[in-house]
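Reader: I would like to learn how to read the sheet and the core of a model. Please take me through one.

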Amino acid sequence: MSYIRAKRKQTTAFLYVEPGDKISSVKDQIANLKLDDGPSSGSGIRLYSSDEKTALEDGQTIDEAKLESNAVVYFVFKKSGSEDWEKIDVQAPAPAKDGDDK
């Protein structure tokens, strides 16, 4: 068993996967996270490989997509009431301010 990191905006999800798992099951795992603005099923999610250009297809397996353990993928949602998709937007965490550790 291995894991991949799925990123969107300020969210990083660590997902456990097997080499034979389909990309569609990874999208379902993300949908099951119940993110505030997320879709209720994997059909409203698109995954991209770490190059941020290659869309991963539902029928591909983790192995076929060449996703190794600790790989990073990016996910976007379909825009509400539209056929358009969000752009990949991963935001670095804000640096801690003095006194934030209390």
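**Sheet and core**

Author: E1 and E2 run antiparallel and are joined by seven bridges. Strands (E, at least two residues) and helices (H or I, at least four) are DSSP runs, numbered from the N terminus. The model is predicted: local features need pLDDT of at least 70, side-chain atom pairs count only at pLDDT 80 or more, and totals for chains, interfaces and linings use all residues. Residues are numbered from 1 along each chain as its sequence is written, and side-chain values use heavy atoms, without hydrogens and water.

Reader: In what order do the four strands form the sheet?

Author: Strands of a sheet pair through backbone hydrogen bonds, either parallel or antiparallel. Two strands count as paired if DSSP finds at least two bridges between them. Here the order is E2-E1-E4-E3, in an open sheet with mixed pairing. E2 and E3 are the edge strands, each pairing on one side only. Within E2, Tyr-16 stands opposite Tyr-3.

Reader: Which residues have the most contacts inside the largest nonpolar core?

Author: In soluble globular proteins, nonpolar side chains tend to be buried together. A nonpolar core is a set of buried (under 20% relative accessible area, 1.4 Å probe, protein chains only) Ala, Val, Leu, Ile, Met, Phe, Trp, Tyr and Cys residues joined through side-chain atoms within 4.5 Å. The largest has 19 residues, and Ile-4, Val-26, Ile-30, Leu-47 and Leu-67 have the most contacts inside it. Strands E1 (2-8), E2 (11-17), E3 (45-48) and E4 (71-77) and helix H1 (23-31) each supply at least two residues of this core. Another core, of five residues including Tyr-48 and Trp-85, lies apart from it.

Methods. Buried means under 20% relative accessible area, exposed over 50%, partly exposed in between (1.4 Å probe, protein chains only).
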